[in-house]
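Hi everyone, thanks for having me.

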Amino acid sequence: MIYEFEAVLLALDPALHTSGAALLVPDYGPMDRLSSTFSGEYVLHEFGRVETQNERERYINTLLELAEELKLPPVIVAETWDPPRNKHRRNPANGEVEYVPDQKWSFKTVLGIGEGWGRWSAEIETANEYRREEGLGPDIVLERVLPNEWRDVVFGTKRPKDSASLKAVAQRYFEGVFGYQAIADVAEAACIGLYGLRSKTVFDAVLAYELPSAKKRRSKRAS
């Protein structure tokens, strides 16, 4: 299901050194927001690989500038990760139960994932603090989503399971929807954004988001 709402949406596929990013804005056709009706569709404003902290800051600032220009809520939808799937199994040699840690979650992997998202989180919190100080409205709407959760919604449940095939699916899907070619991380970021447009959590948060202009109008009515 696609929920019809208007927002500026930054979608992220975060990693330690590089991230995929895609900025989606409502499609108002050839006109601007004040003279055209929202079609229910979104278009890509910008997309690319993010490799430096300056680029992370720029993407967050662009999100907020577009949101202010269009008078719409700023939204970030970013991938998070499945918790470790540790197992207990019985050793056939001696019958003892052994603890088997998830091989995908080495210390280096956990450290890298935490550090990678931490770089984005720092920019988001800095932006939110500035917004609070300046009275620019509520914090940025933020949703984290698990890989299989967004893939189920965007690709459906009948899809490849291995990482390489899933990345190829994202690239084909991205090209089919937006008409561009992109590296896998960027294509997956855009697909995460498409998930956000179908997320009831994001829909509810956007409906509850109150722009400063709405507060002013309500204050005038109350007085």
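Let's start with a quick one: which residue just after H3 takes a positive phi? That's Gly156, with a phi of about 90 degrees. Before we go on, please remember that this is a predicted model.

Now step back into helix H3 itself, residues 147-155. Which residues of H3 are buried? They are Pro147, Trp150, Arg151, Val154 and Phe155. These residues cover an arc of only 100 degrees around the axis, so they sit on the same side of H3. And what covers them? The cover includes strand S4 (74-79) and strand S7 (141-145), along with H4 and helix H5 (184-196).

Let's zoom in on two of those residues. Trp150 has 0% relative accessibility, so we call Trp150 buried. Phe155 comes out at 16%, and because the cut-off for buried is under 20%, Phe155 is buried too.

Okay, rings. The structure holds six aromatic pairs. In one of them, the rings of Trp150 and Phe155 have their centres 5.6 Å apart and their planes at 65 degrees; edge-to-face means over 60, so this pair is edge-to-face.

Phe155 also pairs with Tyr173, again edge-to-face, at 5.4 Å centre to centre and 65 degrees between the planes. Why does this pair tie together parts that are 18 residues apart in sequence? Because Phe155 lies in helix H3, while Tyr173 lies in helix H4, residues 163-178.

Next, charges over rings. The charged end of Arg144 sits over the ring of Trp117, 3.8 Å from the ring's centre. Over at Tyr59, the charged end of Arg58 sits over the ring, 4.9 Å from its centre.

Last stop, the core. In soluble globular proteins, nonpolar side chains tend to be buried together. Here, the largest nonpolar core has 57 residues. Which of them have the most contacts inside it? Those are Phe5, Val8, Leu10 and Ile60.

Key:
Residues numbered from 1 in each chain as written. Predicted model: local features only at pLDDT ≥ 70, side-chain atom pairs only at ≥ 80, totals over all residues. Heavy atoms only, no water. Phe/Tyr/Trp six-rings, centres within 6.5 Å; stacked < 30°, edge-to-face > 60°. Buried < 20%, exposed > 50% of the residue type's maximum accessible area, 1.4 Å probe, protein only. Helix = DSSP H or I, 4+ residues; strand = E, 2+ residues; numbered from the N terminus. Lys NZ or Arg CZ within 6 Å of the ring centre and 35° of its normal. Arc of directions from axis to C-beta. Contact = heavy atoms within 4.5 Å. Core = buried A, V, L, I, M, F, W, Y, C linked by side-chain atoms within 4.5 Å.
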